[in-house]
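These notes are meant for a colleague opening the model for the first time.

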Amino acid sequence: MKVELREAKPSDAECIHELIKELCTYEKVSLSEVQTTPEDLINDGLKNNGAFKCLLAEVSTDPLVEDKNDEAGNDATEKRVVGYALYYFGYSTWKGKLMYLEDLYVKREYRGNGIGTGLFKRLGEIALDTKCCRIAFVCLDWNEPSKEFYTRIGADEQPEWRLFQFTNERIKSFISQ
Ligand SMILES: CC(C)(COP(=O)(O)OP(=O)(O)OC[C@H]1O[C@@H](n2cnc3c(N)ncnc32)[C@H](O)[C@@H]1OP(=O)(O)O)[C@@H](O)C(=O)NCCC(=O)NCCS
């Protein structure tokens, strides 16, 4: 299977949004939690210098049509985005710039073909090129296949660190006290 990796464009917003919802379902979370819209993805990240970047994995939808030209002589190969890695940059006061991987997802029927590894390798190249000290990400405790995947590619779990969040509602109530 021929897989190409490329940076996402504003026109990919709908497709990325669908994959974000698929990942949400995979993570057993209600889709009502996905409050971002494709327009938000465009305005917040996919336009130049936004808050995030996104790598896409694209395959030919049908190997039989690969490399075929249509009647006008144009490339008629159909492409399908089957995975994505959405990331942004953060900063460690100890080590400097870091990459934070927000989402990594490959559609179920395409898993186990090296696409996730390929996306991660490209992220690694970007992290090194941009002088990041590490790639950080979180993984749900029950998600054994992904924990296995991360361990296999060489990532370390950090069991001594716990994730805390302060939602807007709690912030509002806290600052109004
Ligand atoms: C985790 C994930 C991105 C890996 O992508 P992938 O394209 O299946 O990864 P690869 O094909 O490069 O797999 C590498 C190895 O992990 C194994 N693997 C890990 N998770 C797997 C899964 N869910 N299904 C199939 N194989 C999996 C593969 O067998 C493969 O082993 P091999 O190298 O011996 O062939 C993908 O399984 C996925 O999207 N899972 C659901 C969403 C998810 O959990 N995302 C991460 C949230 S923290």
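1. How many bridges join strand E1 to E2? Five bridges join strand E1 (residues 3-7) to E2, and the two run antiparallel. Glu4 has Glu58 in E2 as its bridge partner. Strands (E, at least two residues) and helices (H or I, at least four) are DSSP runs numbered from the N terminus, and two strands pair if DSSP finds at least two bridges between them.

2. This is a predicted model, in which local features need pLDDT of at least 70 and side-chain atom pairs count only at pLDDT 80 or more, while totals for chains, interfaces and linings use all residues. Residues are numbered from 1 along each chain as its sequence is written.

3. E2 is also joined to E3, by eight bridges, and this pair runs antiparallel. Leu56 is bridged to Tyr84 in E3. In a regular strand the side chains alternate between the two faces of the sheet.

4. Lys79 belongs to strand E3 (residues 79-92). Lys79 touches Glu58, Ser60 and Thr61, leaving aside residues up to four places away in sequence; contact here means C-beta atoms, placed from the backbone, within 7 Å. Is Lys79 buried, exposed or partly exposed? Lys79 counts as partly exposed because it has 15 C-beta neighbours inside 10 Å. The cut-offs are 20 or more other C-beta atoms within 10 Å for buried, 12 or fewer for exposed, and anything in between for partly exposed, with C-beta atoms placed from the backbone. From Lys79 to Asn168 there are 89 residues in sequence and 39 Å in space, C-alpha to C-alpha.

5. Two packed helices are described by the angle between their axes and the distance between the axes. H1 and helix H2 (residues 38-46) pack at about 105 degrees, with axes 8 Å apart. H1 is therefore roughly perpendicular to H2, a label that covers 65 to 115 degrees, with under 35 roughly parallel, over 145 roughly antiparallel and the rest oblique. Axes are lines fitted to C-alpha atoms, for helices over the stretch in contact, and angles run from 0 to 180 degrees between N-to-C directions.

6. At this packing, Ala13, Glu14, Ile16 and His17 of H1 meet Pro38, Leu41, Ile42 and Leu46 of H2. The residues of this contact divide into six nonpolar, one polar and one charged. Nonpolar means Ala, Val, Leu, Ile, Met, Phe, Trp, Tyr, Cys and Pro; charged means Asp, Glu, Lys and Arg; the others, Gly among them, are polar.

7. Which residues come nearest to the ligand? They are Arg111, Gly112, Gly116, Thr117 and Ser146, out of 19 residues around it; a residue is near if its C-beta atom, placed from the backbone, lies within 6 Å. Helix H1 (13-26), strand E4 (96-106), helix H3 (115-129) and helix H4 (144-153) each supply at least two residues of the shell. H4 gives the most, five. The shell comprises nine nonpolar, seven polar and three charged residues.

8. Most residues other than glycine have a negative phi, and most peptide bonds are trans. Asn49 is not a glycine, yet has a positive phi of about 55 degrees. Asn49 lies in the loop between H2 and strand E2 (53-60) and is exposed, with 6 other C-beta atoms within 10 Å. Lys131, also not a glycine, has a positive phi of about 65 degrees. Lys131 sits in the loop between H3 and strand E5 (135-136) and counts as exposed, with 8 C-beta neighbours inside 10 Å.

Definitions and conventions
Contact = placed C-beta atoms within 7 Å.
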